[in-house]
Structures are given as structure tokens and as C-alpha cells.
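The following note sets out points for a colleague who is reviewing the model. Please read the numbered points alongside the coordinates.

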Amino acid sequence: MFLFLQNERKIYAQKMPTFTKAAVRNNILQNDLQWSFGGKGQRGWLLYVPLMRQTLQIESDADSPEFAKAVSIWQKNAGIKIDGIINKETLFSFIKYWQSRRIKPIVLADDNQLLNAPISNFYDSTRNVELLKVEKETFAAYKKMIAAAVADKNLGLKVDEKGNLSEEESFLKLVSTYRSPAYQAGLRKKEPNASSAQIAFVSPHFTGRALDIYVGGEPVTTKDFNRAVQIETPVYKWLVKNAGRFGFYPYFYEPWHWEYVPENAKAQ
């Protein structure tokens, strides 16, 4: 009987449409795919589904045939095996694309390129004044982006009488902006066992154009449980869909981290 059922399953699987079979496989791999990044073992790619959907320009669930079909088109354009399944090769093709949108090269900002942003823009209202610096053009673009988010009533952001994010609102406030090499080295000294994916040796924050923005949960904790909370917040989903219009692009591994690369916006 067992062999009979096994054969029946094989026959049924052979009859399944290609993208339906791929969807079944994706449903497993989104939680179970084994891979590594920055010297740290990873499991699954569920945390990156919002970015995948935006990249593929599709709203379908990651375990749907429609999603698998969109993935197959991506694979064709990337010159890799076309099967609609996000295995390691396909996942890294997405990561390569997302990483290509980031700041490069990383050049330390001059003092005359930076301004001290008002403390009202920061998540931590007691933040040291030395940690309020941000590149001027980046801050102007950030303010335009926040104005657009505030105007989107679906987000339900708290605003003051001037239409700015109120002091009581935490979402979309700045967590960290410009960081000097000395400050970055201090962060690594505090967490000597952190992987390069968690604390970079050469950080885009050196440029003053990298912003850590509060999107929920613990502000900058890379634990999977925390990132799983962050990717489901309305503000994160809004940033995924809209930040590029203002020149901001994500570091895929950290939902809170966005980098100002205006030339990419012009290329869209």
C-alpha cells in the first residue's frame, strides 16, 4: 500500500504544472534554505520576501505559482537555471542586485558636507549632539520622503500642527546617521564577535548618506525574530515600495538601513 501511494504521488507530481511544483518547493525553502552571509549561517529567505516582491513587481505570496512564474522571468534575465525556485543561486542573484544599488565607493564625508539634524528627527531624544550629523543632500531627501509618508493616511502616522512627525511618533525617525571611523571601531570593540554583516569594518555611515530609520521592533537588532517583526510593519513595506523615488536603497540584511544613492533614482 505504501509503495502504491508513493507511486501515486510521483504520478500526481509529474502532472502538476511547472510553477505549481515550484511554488510547493518555494514554500519549503523560504523557511529551510541553508546559506551563509557575512560569515554567519542563514536559514530561509522569508525575511526578504517584501524586497523580492518589489524587485519582481508582483504582489503574490511567495508560495504561489504566480510568484514562481515571476521568479522564472528573473532567472531568465539573470542567465541562471529557469525553474521558478529560489534556491541559493537565485537568492544570491537577488542579493547581488540589491547590493549593487548601495553606496560605492565609501568615501568619508568632509565636515562641510554635513549638518547637525534637529534632535526632533531622531528616535532617541537624548542622543549625543555629536551623533546628529548627516550629509546635507541626504537629509533634504529624507525630509521629502517623510513628508510623502505623512501624506499617506494609510500609515496613520502621528503629526504635529505643522504636519511634521510628532514627538510622540517613533516610526520613521532617525536612529543613526553619520558615524566616524573611530566611532565605528568603538562599536566593533563593544561586540568583538559580531560578523561583518552585523557591524561593518568600513561602513557606509562614514559617508553621512546612510540612515538607520526606525521601522519597528528593536531599532537595530539583527536577530531573525526582530527582523521578522520589522518586515511586517506598514512603514517598512511603504519604504520598500517608495524609498527609491527619493533616492534611498536598502541594505537587504537590515530592514532599518537605507542609503541615499540619487543616481539610481534617476536611472529608474
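1. Rings of Phe, Tyr and Trp (its six-membered ring) are taken as a pair if their centres lie within 6.5 Å; planes under 30 degrees apart are called stacked, over 60 edge-to-face, and the rest tilted. Helices (H or I, at least four residues) and strands (E, at least two) are DSSP runs, numbered from the N terminus.

2. The model is a predicted one: local features need pLDDT of at least 70 and side-chain atom pairs count only at pLDDT 80 or more, whereas totals for chains, interfaces and linings use all residues. Residues are numbered from 1 along each chain as its sequence is written, and side-chain values use heavy atoms, with hydrogens and water left out.

3. Buried denotes under 20% relative accessible area, exposed over 50%, and partly exposed the range in between (1.4 Å probe, protein chains only). Trp 35 counts as buried at 6% relative accessibility, and Tyr 48 counts as buried at 1%. In another pair, the ring centres of Phe 248 and Tyr 260 are 5.2 Å apart with planes at 45°, so the pair is tilted. This pair links distant parts of the chain, with Phe 248 in strand 7 (residues 248-250) and Tyr 260 in strand 8 (residues 257-260), twelve residues apart. Both Phe 248 and Tyr 260 are buried.

4. Ring pairs also build a cluster, whose members include Trp 35, Tyr 48, Trp 74 and Tyr 253. Arg 227 sits over the face of Tyr 253, at 4.2 Å from the ring centre; the criterion is NZ of Lys or CZ of Arg within 6 Å of the ring centre and within 35 degrees of the ring normal.

5. How do helix 3 and helix 4 meet? Their axes come within 10 Å and cross at roughly 65°, helix 4 spanning residues 65-78. Axes here are lines fitted to C-alpha atoms, for helices over the stretch in contact, with angles from 0 to 180 degrees between N-to-C directions. The contact (heavy atoms within 4.5 Å) is made by Met 52, Arg 53, Thr 55 and Leu 56 of helix 3 and by Phe 67, Ala 70, Val 71 and Trp 74 of helix 4.

6. The buried residues of helix 3 are Val 49, Pro 50, Leu 51, Met 52 and Leu 56. They pack against helix 2 (18-32), helix 4, helix 5 (88-100), helix 9 (234-242) and strand 7.

7. Most residues other than glycine have a negative phi, and most peptide bonds are trans. Gln 57, though not a glycine, has a positive phi of about 55°; it lies in the loop between helix 3 and helix 4 and counts as exposed at 61% relative accessibility. Leu 172 likewise is not a glycine and has a positive phi, of about 70°, but counts as buried at 1% relative accessibility. A cis peptide bond, with omega about -5°, joins Lys 104 and Pro 105; Pro 105 is in the loop between helix 5 and strand 3.
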